[in-house]
Amino acid sequence: MRSLFHFLTLLVFSALVTPASAQAPAGYDKIYDAPTQVNLGGRPVVADIEFHQRTSSGKTQLALVTDVTKFVVETENDLKNWIANRRNDCGERWKSGEPRISFPDNAIRFAIYLEIEYWSCGWNGKGTPGRMAQETGTVDVTLIPYVENGKLQARLGAFTLSEQTGISKYLPLEFIVRRALEQELNKLNENPKFYRAPQPLFDENFVYEGITAAETEDDRIIITARYAAARSPGAMDRILARLRTQGITQ
């Protein structure tokens with residue numbers, strides 16, 4: 001089953017699969033700009049990649065600034081597919097409306113209409129399925145990406161429900177959705193493919209230093225990912241050579 005927060009992973013790392021269209025942070029110089037092989041979670045593509053560099057206090061810092069607007073459509077479909085797969089003959093069955101994803105104040109927010117039913121197959125689980133209860137409502141969730149000890153992490157921010165219907169005695173919608181969110185967040189934060197810097201940066205000891213997301217006035221979505229490592233002779237030459245020949249892998 002695809003993780004609910006696989007869509008968050010793809011949003012964060014979509015900076016590696018779409019062309020950059022914004023200015024780098026102040027003080028950084030462009031060091032790389034070329035079509036590059038990229039493989040994220042088994043999705044190989046060729047993409048325009050920009051890296052920007054700054055050195056200070058014995059440290060090398062890299063910034064990747066990217067427009068991820070088109071990629072949001074794919075992640076919305078990922079979220080819908082995850083919900084559609086939560087369907088058990090005996091147990092929970094989930095349905096959803098169209099998700100809406102936005103990026104307020106460096107957070108990731110999604111709102112979606114959910115229907116969750118509970119089906120029973122009798123005391124021994126072998127009877128004919130029968131619906132016991134149904135809950136519906138619009139779920140509005142804010143996820144906050146942050147960096148801790150060089151690792152990219154995400155936590156649950158605001159969580160609200162509206163337009164609720166159903167009887168919560170058997171199927172409390174808020175409890176079920178919160179439980180699913182917390183379980184998937186725990187898995188996400190413990191997954192090295194999410195929290196560590198992509199290759200070839202990881203092999204040169206780069207770690208996350210920060211990440212921001214913003215929507216422009218013309219409704220474009222811009223993500224800036226920043227990485228840092230202690231200065232090492234030849235590290236940037238090796239990184240650039242691998243970018244040209246092997247590309248980027250997360």
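This briefing walks through one protein chain, topic by topic.

The model is predicted, so local features need pLDDT of at least 70, side-chain atom pairs count only at pLDDT 80 or more, and totals for chains, interfaces and linings use all residues. Residues are numbered from 1 along each chain as its sequence is written, and side-chain values use heavy atoms, with hydrogens and water left out. The protein chain holds 5 helices and 11 strands. Helices (H or I, at least four residues) and strands (E, at least two) are DSSP runs, numbered from the N terminus.

**Confidence**

- The mean pLDDT of the protein chain is 80. This score is the predictor's confidence in each residue, from 0 to 100.
- A pLDDT of 70 or more is reached by 83% of the residues.
- Helix α1 (residues 6-13) has the lowest confidence, at a mean of 55. Helix α5 (residues 235-245) has the highest, at 93.
- Where pLDDT is low, the predicted coordinates should not be read in detail.

**Burial and the core**

- Of the 250 residues in the protein chain, 47% count as buried. Buried means under 20% relative accessible area, exposed means over 50%, and partly exposed lies in between (1.4 Å probe, protein chains only).
- In soluble globular proteins, nonpolar side chains tend to be buried together.
- The largest nonpolar core has 49 residues. Such a core is a set of buried Ala, Val, Leu, Ile, Met, Phe, Trp, Tyr and Cys residues joined through side-chain atoms within 4.5 Å.
- The members that touch the most other members are I49, F51, W94, V177, L201, F206 and Y227. Helix α3 (residues 173-189) gives the most to this core, with 7 residues.
- Contact means heavy atoms within 4.5 Å.
- In the protein chain, residues 24 or more positions apart account for 64% of the contacts with a separation of 6 or more.

**Helix α5**

- The buried residues of α5 are A235, M236, I239, L240 and L243. Seen down the helix axis, they fall within an arc of 130°, so they line one face of α5. The arc is that of the directions from the helix axis to the C-beta atoms.
- The face turned away from the buried side carries the exposed residues D237, R244 and T245.
- Just after α5, G247 takes a positive phi of about 75°.

**Rings and charges**

- A pair of aromatic rings is described by the distance of the centres and the angle of the planes.
- The count comes to 1 aromatic pair. Rings of Phe, Tyr and Trp (its six-membered ring) pair if their centres lie within 6.5 Å; planes under 30 degrees apart count as stacked, over 60 as edge-to-face and the rest as tilted.
- The rings of Y208 and Y227 have centres 4.8 Å apart and planes at 50°, so the pair is tilted.
- Y208 lies in strand β9 and Y227 in strand β10 (residues 221-230), so the pair ties together parts 19 residues apart in sequence.
- Y208 counts as buried at 3% relative accessibility, and Y227 counts as buried at 1%.
- The charged end of R86 sits over the ring of W94, 4.3 Å from its centre. A charge sits over a ring if NZ of Lys or CZ of Arg is within 6 Å of the ring centre and within 35 degrees of the ring normal.
- R196 lies over the face of F202, at 4.6 Å from the ring centre. F202 is partly exposed, with a relative accessible area of 34%.

**Backbone exceptions**

- Most residues other than glycine have a negative phi, and most peptide bonds are trans.
- A cis peptide bond joins Q199 and P200, with omega about 10°. P200 is in the loop between α4 (192-195) and β9 (207-215).
- N149 is not a glycine, yet has a positive phi of about 55°. N149 is in the loop between β7 (130-148) and β8 (151-166). N149 is exposed, with a relative accessible area of 75%.
- N205 is not a glycine either, and its positive phi is about 70°. N205 is in the loop between α4 and β9. N205 is exposed, with a relative accessible area of 62%.
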